[in-house]
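Dear colleague,

Please find below the structure I promised to pass on. My notes on it follow directly after.

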Amino acid sequence: MSSFDGNAEVAVNGRVPGVLSGSPRQVDLLVRGRVFGAGVTVAVECRQGRRAADVGAVERFIGKLLDVDADRGVLYSRSGFTRCARARAAAARWPAVMAVSLGGGPRIPRQRRGVEPLPPFGVDEITEADFALFLWRCAGIGG
């Protein structure tokens, strides 16, 4: 996609100074660049646990995003996410969070009567357009 920065800075499995804690923070992947002309910092974290990631895992990730001054993050989980964790990630605005299941987690119907649908969460469900929309909205362009 031509709207993504080909000159983005990418740090893999690095230590990033915590702007709030003053402590070095380990980040699986940190990307700083421009998307649709706006500066962005995206942190990516991968969870390997046997249980579905819960709301506490999402809250800890949001705390890390704030500490490393990332305005959005993608949290992958090999074991999926609980419904509450998915809802918390979907509701995060600043920093914004996309929770992505790599499989093995519970399959939760995407829409239930009287419940607002959660965004796609399986790695096989997320398209390039979904990811671009996530970045675009977070850049303050798409509302």
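L66 sits in helix α1, which spans residues 55-67. The model is a predicted one, and in it L66 is partly exposed, with a relative accessibility of 40%. Together with V19 and L20, L66 makes up a nonpolar surface patch of about 310 Å² accessible area.

D67 pairs with R25 at 2.8 Å, N to O. Because D67 belongs to helix α1 and R25 to strand β2 (residues 24-35), this pair links parts 42 residues apart in sequence. D67 is buried at 3% relative accessible area, whereas R25 is partly exposed at 24%.

E45 and K64 form another salt bridge, at 3.0 Å from N to O. Since E45 is in strand β3 (residues 38-47) and K64 in helix α1, the two tie together parts 19 residues apart in sequence. E45 is buried, with 18% relative accessible area, and K64 is buried at 13%.

In the salt bridge between E59 and R88, the closest N and O atoms are 2.6 Å apart. E59 lies in helix α1 and R88 in helix α2 (residues 83-91), so parts 29 residues apart in sequence are joined. E59 is partly exposed at 37% relative accessibility, as is R88 at 26%.

As for the chain as a whole, its 3 helices and 5 strands follow the order β-β-β-α-β-α-β-α. Of its 143 residues, 38% are buried. The accessible surface is about 8200 Å², with 52% belonging to carbon and sulfur atoms.

With kind regards

Definitions and conventions:
Residues are numbered from 1 along each chain as its sequence is written. This is a predicted model: local features need pLDDT of at least 70, side-chain atom pairs count only at pLDDT 80 or more; totals for chains, interfaces and linings use all residues. Side-chain values use heavy atoms; hydrogens and water are left out. Helices (H or I, at least four residues) and strands (E, at least two) are DSSP runs, numbered from the N terminus. Buried means under 20% relative accessible area, exposed over 50%, partly exposed in between (1.4 Å probe, protein chains only). Accessible areas come from the Shrake-Rupley method with a 1.4 Å probe; for residues, only the protein chains shown count as cover. Patches are made of residues with over 30% relative accessible area and no salt bridge: like charges are joined within 9 Å, nonpolar side chains (Val, Leu, Ile, Met, Phe, Trp, Tyr) within 5 Å. A salt bridge is a side-chain nitrogen of Lys or Arg within 4 Å of a carboxyl oxygen of Asp or Glu.
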